[in-house]
Protein chains: 4
Amino acid sequence: MAARDRPVLRIGMVGYAFMGVAHSQGWRNSRSFFDPPILPELVAVCGRDTAKARELARRFDWRDVESDWRDLVAREDIDVIDICSPGDTHAEIAIAALDAGKHVLCEKPLANSVAEAEAMTEAAERAGARGVHAVVGFTYRRVPAVALAAKWTREGRVGQIRHVRAQYLQDWLTDADTPLSWRLQRERAGSGALGDIGAHIVDMVQHVTGETITGVSALMETFVRERPVAVGGGLGEVTVDDAAVFLGRLSGGAVATFEATRFATGRKNAIRVEINGTAGSIAFDFEDMNVLWFHDNTADAADAGFRRVLVTEPVHPYLEGWWPPGHGLGYEHAFTHQAVDLLDALAHHRQPTPSFAEGLGVQRVLHAVESSAADDSRWTPILRTRTGAR
Amino acid sequence: MAARDRPVLRIGMVGYAFMGVAHSQGWRNSRSFFDPPILPELVAVCGRDTAKARELARRFDWRDVESDWRDLVAREDIDVIDICSPGDTHAEIAIAALDAGKHVLCEKPLANSVAEAEAMTEAAERAGARGVHAVVGFTYRRVPAVALAAKWTREGRVGQIRHVRAQYLQDWLTDADTPLSWRLQRERAGSGALGDIGAHIVDMVQHVTGETITGVSALMETFVRERPVAVGGGLGEVTVDDAAVFLGRLSGGAVATFEATRFATGRKNAIRVEINGTAGSIAFDFEDMNVLWFHDNTADAADAGFRRVLVTEPVHPYLEGWWPPGHGLGYEHAFTHQAVDLLDALAHHRQPTPSFAEGLGVQRVLHAVESSAADDSRWTPILRTRTGAR
Amino acid sequence: MAARDRPVLRIGMVGYAFMGVAHSQGWRNSRSFFDPPILPELVAVCGRDTAKARELARRFDWRDVESDWRDLVAREDIDVIDICSPGDTHAEIAIAALDAGKHVLCEKPLANSVAEAEAMTEAAERAGARGVHAVVGFTYRRVPAVALAAKWTREGRVGQIRHVRAQYLQDWLTDADTPLSWRLQRERAGSGALGDIGAHIVDMVQHVTGETITGVSALMETFVRERPVAVGGGLGEVTVDDAAVFLGRLSGGAVATFEATRFATGRKNAIRVEINGTAGSIAFDFEDMNVLWFHDNTADAADAGFRRVLVTEPVHPYLEGWWPPGHGLGYEHAFTHQAVDLLDALAHHRQPTPSFAEGLGVQRVLHAVESSAADDSRWTPILRTRTGAR
Amino acid sequence: MAARDRPVLRIGMVGYAFMGVAHSQGWRNSRSFFDPPILPELVAVCGRDTAKARELARRFDWRDVESDWRDLVAREDIDVIDICSPGDTHAEIAIAALDAGKHVLCEKPLANSVAEAEAMTEAAERAGARGVHAVVGFTYRRVPAVALAAKWTREGRVGQIRHVRAQYLQDWLTDADTPLSWRLQRERAGSGALGDIGAHIVDMVQHVTGETITGVSALMETFVRERPVAVGGGLGEVTVDDAAVFLGRLSGGAVATFEATRFATGRKNAIRVEINGTAGSIAFDFEDMNVLWFHDNTADAADAGFRRVLVTEPVHPYLEGWWPPGHGLGYEHAFTHQAVDLLDALAHHRQPTPSFAEGLGVQRVLHAVESSAADDSRWTPILRTRTGAR
């Protein structure tokens, strides 16, 4: 089918900040660098601050601007609602959109509580029965090296998994004079490092291993309990965690360690996952994002070693759309891959991944981490049934 | 000035392949991620294969398609001609465009010969006198880590330069069964590894050091002299170099080694430059493009060491337009930076860099390399005057 | 004082295996590469298998061989008993030697239980009052890069510590067909990965930070519960841990993660410690043992980065005895440094470090790890008082 | 044969400085860590400064001290003369020793001129006919990772070699105030960086590839031409090269670049060799000496990558004598391997390697480098015949 005759997917996006920019670029690039069976159409961006929404619209050629997400959801010329607003708004918008028959792409974390995530998942399942789909934006899955890791793990190249060590290390709160912001307040952000960045490594580990985390033992800490208030002066209380560390087990028997922190001085966005199995090991660090390290344990001892695979070959996941070997990708490319995958799934009437149910699974792990940390680090199993948790 | 009232720069681009895509993305991103004083307008893309040109136009929203570059140059609604076609077409198009009063952005290498490059430089200087500017696309200068290296070198952090080692290593010709292509034929490509990738490291070294190469001693080699012909079968002759290595001196007295090859098995796009000076050292490898290594020789011996600077801070060159620290950039981002710099220079009626004269300087080094290699590797000074060289 | 007139320290060593070789080399090198105020004299090596003891004596010029450690301790021509035999023998030998007025160097772990370690510490303190000293062999402290890390931390270059992540990763048990050995049996080895290698990172963290671990939450696992019996055939039970992971807190408030395993496929002897503080970060990996990574958080953001300090300068700890810069050391050099430090402390009538009390402190952490792992990972404080704990 | 009944090799060593220490340790360790068929006996060390020679003898248990090498050579109780004195003494001592029927181990470079090296080679060949052997100390060949590289290259794992890039980078002369020493004076040292460190990479490349260098084009430089004189004050002339860079060809057709310098700020002892071939690539850096990087070009593109082989497995060259996997070796271990190999060759009446003829081959390359540098970098073939060169 010639490109000009292809069906389109009409997009309405809520939010215009960091994620709004990344999603805009993802949608736009999807038709420039790939060949999706449905073409995205950037219909409207919605934000309470319409000046900012309008500025984003100008930069990325969104046709319209809306100021109330309800109006966006009500529009008949929109097929998908792309939710890039803060976490405390996710549940309401997503459920309304799904009930209105719109597909939903919702940024992570799915919600600020398990209860909200459950309600969203129920809405998604109701909608799914009508062919309306919901997907959560764990975008790091679509970094080529991470996608390759998941592929190789599924192909058995790691064998039975024994160990996982996962870290998400940032350092932007190291300085005690960094002012208070909404991200450091529980009522807005839900949690701190745990929900913001810990969620990513929980999803990445479950995705790459193909296993689920069955229980955790956790410790959370707020190192700097009061910070300067930007407006008005004085000190305000930090009500979320600065760091969360936890031990876990995977469904296949592996032992895992997790660490999410904003106090790892000198580490800027170090998402690191290493997996050791009977057949091999895999290691990844987002600070060198085009590389996947692989150790083949079936090789002779004399030959074995961690191999630095530059994940830029045309045969690597998502690379067919980009540049020749050795010409690396950057952070935002994964948003293009997310758009392409979503367009492809919807074109074929498939449920895109990760589903809201997967997002709920991550939420349950985060909840168990908080429960364990509040209860003397006691081992806390992850419940998989949906029975009015909390 | 509000964005909607800003002047525009109307662009006509020749070429639709690898570089056509990269330039399209660069122009488009320039107004999405940065705030240039002039906004680019993608007016027309030109290519002999109009189906391919049309496809690129569709993907990147070029308004029109032209099939003859002369028609493009003749259009009154175009301000700049962006030349992304093969090297043997550069001189004719660039000179015509400049003479027609269009600014020119010309991909590297400037030309296939010093004579052509000289003619282009003369045209550029004539045009410059009328406020019409020409710039050559040594885009790697605008990789943030490379830009930072140049900044630090100029600030004296390396001190007097003693050594440079520069390599551009690829491996796509390692296999003797890789078929013949126009890139391996002298009449089309001008030269092989030397002009295609050696040109980049010559420019990068001159740019980062702020010095010029004053002479060379060179060796060139074609390892595989016949390759399968894709169409028709049989073997065809490879008439360009597979690899070029040379020694050089810089104007400040440093000793340099250069290597450009398509036979460095396992190295995909390894552009490596290391500079050792009395005050410090700098090292870069494009396979880890967001990193600049710096050794501060003024530190105590106990403390000193090569420092891995992740060039993703807002204070680093070009980073203010992108993502938070630790969220790396990819290959094509430098094309956005090139567009932004060009828009900025033209808005302020400044000559953008690198000028055609700089491109000619690179061409002269390449020519001296070929001369030396053909003359028993004898030391060959780089002539700086323009007197009918060759 | 001329070397030939220097006093000597007459050494009797128990054990002839891996550690016996390493200690022999350490003693011998101490007077070849350094200039200790007391010279070591290799008087007698003791082992039940006298053929093996004799072979070691031949290779390293030990003058005599003994078959019973009691005879060794009884000799009047011996000043120090160097205990390199398995952990279940440490307490008896060390206490007897100290009571007999011999200095003691005891390999780690100090003992197989807290009670034994307490008795040893009491014996050491009794002996210390008489000028007879005991020291435990946490040799990795004397790897130059680790010693430098400890120095810099004490000098405040890391500031207030927020995070520690410590791993000791080996993989020699990955294969389920690796046969059972005494190291995998609780009655002989005390514990598995925890005591054998976990002890090292517990000591290293406490030593480098200058803080103590105040509590832990732990998980232990035996992945392969039965292994082939080398002699006689069939399967035998593995009664120790294959892996131990735990969370901890340091006395200064930092949050720490620890992992000790023999199942980290592809990691051979990866002792890794990273420390993040308000002023900087330090990172070490024994697989690249001559390197210390340091991030100076007081530098400008544009300049900051982890610095690869090659710890081979004459000004670095222990390096004055060895080679020019860049000529790295190997594993066993730390045993030479241990010998030198011990000779120096005894010459100056100082208590050498680490004392048995420090060894006991490590033992208490290991004990708490086991307790927590056996009690649902519950948070377990480290007791510092000596009250017949077990 | 029981060790106590083994024949011995009685050693007389000339020199007591850096190399004297390294050789002493090598001889001593050879019988402690390996099981050579002949045992070394440290009979006498010889030096004009007998106090220093005596001090070395004390530290390493050399039995006697001599002050005149002629006396050493005349002793009947010595089987091998180990020459660790400066290069300008090599020829005279080695020839006398060989003529006196002593085996000779001579430190590199073999001599200060091709003529001397030729005379030595002739003496060695005369002696060889009588079963008396000479060997030159290119010790880096015996670093396990380098030995593994040579093994793999010979086994065809690199295939046909296309590229070699070899560097020996130091920085101890970067500071212009570093005083003049004999190493910077031509009459004593022969040459500067070229002979001192360039010799090592020439030998390493020829050894690892199994090919010879057939010609060179070179540039040499003395950056700092006058330096402070330590005694007496004032400035003295530097009469050797600070740096030597050259292009070369190998006998199999590969193109090579070489760089030897003492001005590579921040590089302490970076001996780097990378070899790219049709089947694979190998890379080594002495600053991480226990690692060999290998790229297998026969693997699928999706899987391929440079593999970090930690060369510490018992199956790796020389590792059977040392520690468990992951317990790295240091600089001086290669001297032990040299001793072991020499003991083994002599026990089996084999010519040890590298022979003086190989040392002469290196000398000829160095000579050609100097000739080319003095003649406008002109291509200079390496002559292999011995006909009164110079």
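1. UniProt positions are given here in the numbering of the model, with feature names shortened, and the annotations may be inferred rather than shown by experiment. With that caution, the unreviewed UniProt entry places the feature "domain: Gfo/Idh/MocA-like oxidoreductase N-terminal" at residues 9-130 of chain A. The model itself is predicted, and in it this span is 48% helix and 21% strand, with its end C-alpha atoms 17 Å apart.

2. A further feature in the unreviewed UniProt entry, "domain: GFO/IDH/MocA-like oxidoreductase", is placed at residues 148-282 of chain A. Over these residues the chain is 21% helix and 37% strand, and the end C-alpha atoms lie 10 Å apart.

3. As regards the arrangement of chains, chain D is superposed on chain A by a rotation of 180 degrees with 0.0 Å of shift along the axis, the RMSD being 0.0 Å. The two copies are thus related as by a two-fold rotation axis. Within chain D, Arg307(D) has the C-alpha nearest to that axis, at 1.9 Å from it. Of the interface residues of chain D, 100% are also interface residues in chain A, so the copies meet through the same surface.

4. Two cis peptide bonds in chain A deserve a look. One joins Lys108(A) and Pro109(A), with omega at about -10 degrees, and Pro109(A) is found in the loop between β5 (103-107) and α5 (114-129). Another joins Thr353(A) and Pro354(A), with omega at about -5 degrees, and here Pro354(A) lies in the loop between α9 (333-347) and α10 (356-374).

5. Backbone angles also call for comment at Asp376(A), which is not a glycine and yet has a positive phi, near 65 degrees. Asp376(A) sits in the loop between α10 and β17 (380-381) of chain A, and is partly exposed, with a relative accessible area of 41%. In chain B, Asp376(B) likewise has a positive phi of about 65 degrees without being a glycine; its place is the loop between α10 (356-374) and β17 (380-381) of chain B, and at 41% relative accessibility Asp376(B) counts as partly exposed.

6. What does the side chain of Ser372(D) reach? Ser372(D) belongs to helix α10 (residues 356-374) of chain D and is buried, with a relative accessible area of 0%; its side chain reaches the backbone oxygen of Arg378(D) at 2.8 Å. Leaving aside neighbours within four places in sequence, the residues in contact with Ser372(D) are Val216(D), Ser217(D), Ala218(D), Ser377(D), Arg378(D) and Thr380(D).

7. In chain C, helix α4 (residues 90-99) has buried residues at His90(C), Ala91(C), Ile93(C), Ala94(C), Ala97(C) and Leu98(C). After α4(C) comes Gly101(C), whose phi is positive, near 85 degrees.

8. On the cysteines, a disulfide is taken as a pair of cysteine sulfur atoms within 2.5 Å, and by this rule the count over all chains comes to zero. Cys84(A) is in no disulfide, the nearest cysteine sulfur being that of Cys106(A), 8.7 Å away; at 11% relative accessibility, Cys84(A) counts as buried. Cys84(D) is in no disulfide either, with the sulfur of Cys106(D) as the nearest cysteine sulfur at 8.7 Å, and at 10% relative accessibility Cys84(D) counts as buried.

Key: Residues are numbered from 1 along each chain as its sequence is written. Chains are lettered from A and ligands numbered from 1 in the order in which they are written. This is a predicted model: local features need pLDDT of at least 70, side-chain atom pairs count only at pLDDT 80 or more; totals for chains, interfaces and linings use all residues. Side-chain values use heavy atoms; hydrogens and water are left out. Copies are superposed by least squares on the C-alpha atoms of residues with pLDDT of at least 70 in both. Contact means heavy atoms within 4.5 Å. Buried means under 20% relative accessible area, exposed over 50%, partly exposed in between (1.4 Å probe, protein chains only). Helices (H or I, at least four residues) and strands (E, at least two) are DSSP runs, numbered from the N terminus. A polar contact is a pair of N or O atoms within 3.5 Å; within protein, one must be able to donate a hydrogen and the other to accept it, and residues adjacent in sequence count only if both atoms are side-chain atoms.
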